[in-house]
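Please look at the ligand first, then at the space around it. My notes follow as numbered points.

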Amino acid sequence: MVENFEKVQSQAQIKRTSLLARKIWQEHYTPIIGIEQVEYMLKNFQSPEAISDQLQNGAVYYLVVSAGEDSGYLALEPDPEMASAKLSKIYVLKDKRRCGLGRKTLEFAEMLCRDMGVKDLWLTVNRHNHAAIAFYRQEGFTAAETVVQDIGGGFVMDDYKMVKSLSRG
Ligand SMILES: CC(C)(COP(=O)(O)OP(=O)(O)OC[C@H]1O[C@@H](n2cnc3c(N)ncnc32)[C@H](O)[C@@H]1OP(=O)(O)O)[C@@H](O)C(=O)NCCC(=O)NCCS
């Protein structure tokens, strides 16, 4: 399968990312956190306005286009002072999973990180998101600690922090 990674910059690309987020989050997170929290998080973190704000504040988004179709996306939040970056998003459409696209997307994110001098990549993942945790473990992340975060609206995120050192590879 031929895939390419498109840096999200234009309003049209932001809109495509937001549409993918809605599709993937509703399908994947509704059984884990419920539709109300999904809608709250989509509105606050993945609307076109929210993504634009994140881009202005240093986040980097890429769309994953596979066989000519928007199939997933990633986002990084680099912290140059700490030589670290948060992998804040990595999502693949349900019907494209388990074919290696997540791994290729992570490899691409790691290449971007190395180019930026990042040594430590970290992320947070919902403690009940077992498929994603299995993926991260397989790809070399280890669980560091539990993180419970109040995100407003009466909702909390109940996550693990996972880390991967990029120094070795
Ligand atoms: C996590 C995610 C990005 C992985 O993408 P993917 O394209 O399915 O991953 P890959 O096919 O590249 O899998 C790489 C390896 O990870 C492991 N893995 C992936 N999904 C797994 C699952 N559901 N259960 C167990 N292991 C899994 C496997 O070892 C796999 O290799 P294999 O298929 O050759 O055995 C994708 O499942 C996804 O988008 N999930 C929903 C959204 C999500 O939870 N994102 C993470 C937010 S924190």
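1. Start with Asn 129. One of its polar side-chain atoms lies 2.8 Å from an oxygen atom of the ligand. This is a polar contact, a pair of N or O atoms within 3.5 Å. The ligand taken alone exposes 920 Å², and the protein buries 81% of that. These accessible areas come from the Shrake-Rupley method with a 1.4 Å probe.

2. The model is predicted: local features need pLDDT of at least 70, side-chain atom pairs count only at pLDDT 80 or more, and totals for chains, interfaces and linings use all residues. Residues are numbered from 1 along each chain as its sequence is written, and side-chain values use heavy atoms, with hydrogens and water left out.

3. Backbone atoms reach the ligand too. A backbone N or O atom of Arg 103 is 2.8 Å from a ligand oxygen atom. For Cys 99, a polar backbone atom is 3.2 Å from an oxygen atom of the ligand.

4. Which residues come nearest to the ligand? Of the 22 around it, they are Val 92, Arg 98, Gly 102, Arg 103 and Asn 129. A residue counts as near if one of its heavy atoms lies within 4 Å. Twelve residues of this shell are nonpolar, six are polar and four are charged. Helix H5 (130-138) gives the largest share, six residues. Helices here are DSSP runs of at least four residues, strands of at least two.

5. Now the space itself. The ligand takes up the largest pocket, whose volume is about 1,200 Å³. A pocket is an open set of points on a 1 Å grid where a 1.4 Å probe fits, with protein on both sides within 12 Å along at least five of seven lines; lining residues have an atom within 4 Å of a point.

6. The lining has 43 residues; Ile 90, Tyr 91, Asn 129, Ala 132 and Tyr 136 lie nearest the pocket centre. Strand S4 (84-92) supplies the largest share, seven residues.

Definitions and conventions: A polar contact is a pair of N or O atoms within 3.5 Å; within protein, one must be able to donate a hydrogen and the other to accept it, and residues adjacent in sequence count only if both atoms are side-chain atoms. A molecule sits in a cavity or pocket if more than half of its atoms lie within 2 Å of its grid points. Ala, Val, Leu, Ile, Met, Phe, Trp, Tyr, Cys and Pro count as nonpolar, Asp, Glu, Lys and Arg as charged, and the others, Gly among them, as polar. Grid points are joined across faces, edges and corners, and a volume is the space filled by probe spheres set on the points.
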